Amino acid sequence: MIFGVLELFLLHPEQLNSDWPPAVQELTMEFSDLFAKPTGLPPPRSHFHTIPFLPGAQSFKLRPYQYSPAQKDEIEQQVQELLKQGMIQESSSPFASLVLLVEKKTGEWRLCVDYKRLNALTIKNSYPMPIMEEFLDELAGAIWFSSLDLRSGYHQILVLPDDISKTAFQIHRGHYEYKVMPYGVTGGPATFHPVMNCVLAPLLRKCVVVFIDDILIYSKSWEEHLQHIRAVFVLLQQH
């Protein structure tokens with residue numbers, strides 16, 4: 001939904017609602033590349049995700065959990081998809097976190113890495129996250145709102161090359177590491193939010209508020225709202 005030509009994405013294609021006002025449908029069609037499924041690595045942005053260690057931190061390797069044959073099949077399938085997209089690569093890192101399969105509400109499985117051990121060794125990012133009450137103050141007088149949600153937001157940020165090895169995880173057959181920011185690492189929101197602020201800086205506090213990967217466009221009139229949506233789309237397309 002925001003950076004790179006096809007790198008950040010706003011809404012899932014199935015969310016392009018035929019009940020939307022025609023003018024909004026026209027805008028989504030005009031900027032349809034923003035709604036395409038992400039493929040490949042994102043470009044370098046204003047921030048990389050870094051994993052600075054506390055003094056004396058040591059590497060670790062945790063043994064993979066035991067999985068059923070069906071779970072192993074699912075893990076292998078998802079790992080192969082991540083490899084195909086270039087988001088992960090084979091690893092010889094001295095680190096290895098555990099992998100979990102978490103069931104979604106839809107019944108599908110999400111591959112998650114348990115980074116609790118890594119996070120305990122990481123210096124916490126002190127970036128100040130925004131306060132919701134301050135957001136509400138910005139909306140005074142607005143009567144039109146549109147919300148946008150990034151698809152695979154964290155995966156739109158590259159990991160600093162020197163820290164890639166720290167993201168390593170081990171499954172029943174293979175050792176891999178992330179080239180993009182994985183979910184579950186400490187400091188993820190504090191890395192992502194400044195990038196969003198940088199991309200949307202020309203519109204912040206004028207017609208946009210942003211919280212991590214959620215964008216809210218607000219306006220005082222319908223005509224103005226269409227202009228604001230277009231302005232946001234233009235920025236996201238540029239990045």
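Where is I164 found? I164 sits in the loop between β4 and β5 (169-171), and I'd like to start my short tour there, friends.

A word on the model before we go on. It is a predicted model, in which local features need pLDDT of at least 70 and side-chain atom pairs count only at pLDDT 80 or more, while totals for chains, interfaces and linings use all residues. Residues are numbered from 1 along each chain as its sequence is written, and side-chain values use heavy atoms, with hydrogens and water left out. When I say helix or strand, I mean DSSP runs numbered from the N terminus: H or I with at least four residues for helices, E with at least two for strands.

Back to I164. At 12% relative accessibility, I164 counts as buried; buried means under 20% relative accessible area, exposed means over 50%, and partly exposed is in between, with a 1.4 Å probe and protein chains only. I164 and E177 are 13 residues apart in sequence, and their C-alpha atoms are 6.5 Å apart in space.

E177 comes up again with S91. The side chains of S91 and E177 are joined by a polar contact of 2.8 Å. By polar contact I mean a pair of N or O atoms within 3.5 Å; within protein, one must be able to donate a hydrogen and the other to accept it, and residues adjacent in sequence count only if both atoms are side-chain atoms. S91 lies in the loop between β1 (88-90) and β2 (98-103), and S91 is buried, at 14% relative accessible area.

Now to helix α7. What caps its N-terminal end? S221 does, with a side-chain oxygen 3.2 Å from the backbone nitrogen of E224. The side chain of H225 makes a polar contact of 2.8 Å with the side chain of S219. S219 is in strand β8 (residues 214-219) and is buried, with a relative accessible area of 1%. V234, also in α7, is partly exposed at 31%.

Next, the second largest pocket, with a volume of about 250 Å³. Of the 16 residues that line this pocket, W20, V24, F145, S146 and I229 are the closest to its centre. By class, the lining has 12 nonpolar, four polar and no charged residues.

Last stop, α2. Which of its residues are buried? They are V24, L27 and T28. Seen down the axis of α2, these buried residues fall within an arc of 95°, so they line one face of the helix; the arc is that of the directions from the helix axis to the C-beta atoms. The face turned away from that side carries the exposed residues P22, E26 and M29.

Key:
On a 1 Å grid over the protein atoms alone, a cavity is a set of points where a 1.4 Å probe fits but cannot get out, and a pocket is an open set with protein on both sides within 12 Å along at least five of seven lines; lining residues have an atom within 4 Å of a point. Grid points are joined across faces, edges and corners, and a volume is the space filled by probe spheres set on the points. Ala, Val, Leu, Ile, Met, Phe, Trp, Tyr, Cys and Pro count as nonpolar, Asp, Glu, Lys and Arg as charged, and the others, Gly among them, as polar.
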